[in-house]
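Reader: I'd like to learn how to read a fold from its coordinates. Could you walk me through one?

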Amino acid sequence: MTVTSTKATVSYLGNGATTVFDFDFLVPSGALLVLVDGLEVISGFTASGLDSASGGSVSFASAPASGVRITISRAVSLTQERAFVNGQAIYAKEIEGALDKITMVAQALQDGVERAVKVPVGSSESAETLVASLIEASASAVEGAASAATAQTAAEAAAAMAEAA
């Protein structure tokens with residue numbers, strides 16, 4: 001088998017009716033990760049198409065609620081389980097299986113890099129400092145929006161009182 005897709009994750013939004021969700025990438029047995037609203041689910045579903053390069057599906061016993069995010073992903077272990085011994089025959093299937101796993105691990109690492117907070121090469125700012133700055137800016141923006149809403153409500157109340165007088 002070969003790893004013919006760079007894709008290793010697919011997400012859907014539940015609608016309260018759909019129970020079957022497809023994935024179109026290789027997921028080895030034991031490497032299926034199913035998340036519902038970001039939390040891993042280990043029961044309440046069945047999976048088909050594991051070990052198939054064309055993918056398969058996850059079928060829930062009951063339909064996930066409307067608006068719930070369902071994520072199907074591949075999570076291979078970061079281990080090397082193949083042992084090749086000098087002087088013994090090495091079958092192409094064994095080599096290909098090991099290369100497939102390395103490819104899937106490289107894809108998982110690339111996915112993590114793409115989702116990570118990064119700073120430019122040579123920057124004096126660390127990723128931790130950048131994240132802290134973003135959190136602080138977000139909190140300030142939320143606080144500012146709340147203050148603006150309070151001010152608007154107060155102005156509307158004052159205008160209503162002026163009209164009543």
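Predicted model: local features only at pLDDT ≥ 70, side-chain atom pairs only at ≥ 80, totals over all residues.

Reader: Sheet, please. What is the order of the strands in the open sheet of three?

Author: First the terms: helices (H or I, at least four residues) and strands (E, at least two) are DSSP runs, numbered from the N terminus. Two strands pair if DSSP finds at least two bridges between them. Here the order is E2-E6-E5, with antiparallel pairing. E2 and E5 (45–48) are the edge strands, each pairing on one side only. Ignoring direction, neighbouring strands are turned by 20 degrees against each other on average, taking axes as lines fitted to C-alpha atoms.

Reader: How many bridges hold E5 and E6 together, and which residues face each other?

Author: Four bridges, in the antiparallel sense, with E6 covering residues 56–60. Phe45 is opposite Phe60 of E6, and Ala47 is opposite Val58.

Reader: Is E6 enclosed or open?

Author: Go by accessibility: buried means under 20% relative accessible area, exposed over 50%, and partly exposed in between (1.4 Å probe, protein chains only). Four of the five residues of E6 are buried, so E6 is largely enclosed by the rest of the structure.

Reader: And which residues have the most contacts inside the largest nonpolar core?

Author: A nonpolar core is a set of buried Ala, Val, Leu, Ile, Met, Phe, Trp, Tyr and Cys residues joined through side-chain atoms within 4.5 Å. The largest one has 16 residues, and Phe23, Val58, Phe60 and Ile72 have the most contacts inside it. E2, E6, E7 and H1 each supply at least two of its residues. Contact means heavy atoms within 4.5 Å; leaving aside neighbours within four places in sequence, Phe60 touches residues including Phe21, Val34, Phe45 and Ile70.

Reader: Now a single residue. What does the side chain of Ser73 make a polar contact with?

Author: A polar contact is a pair of N or O atoms within 3.5 Å; within protein, one must be able to donate a hydrogen and the other to accept it, and residues adjacent in sequence count only if both atoms are side-chain atoms. Ser73, in strand E7, is buried at a relative accessible area of 10%. Its side chain makes such a contact with the side chain of Thr9 (2.9 Å), and a polar atom of that Ser73 side chain lies 3.3 Å from the backbone oxygen of Ala8.

Reader: Where is Ala31 found?

Author: Ala31 sits in the loop between strand E2 (20–23) and strand E3 (32–36). At 5% relative accessibility, Ala31 counts as buried. Beyond neighbours within four places in sequence, Ala31 is in contact with Ser73, Arg74, Ala75 and Val76.

Conventions. Residues numbered from 1 in each chain as written. Heavy atoms only, no water. Axes fitted to C-alpha atoms, helices over the stretch in contact; angles between N-to-C directions.
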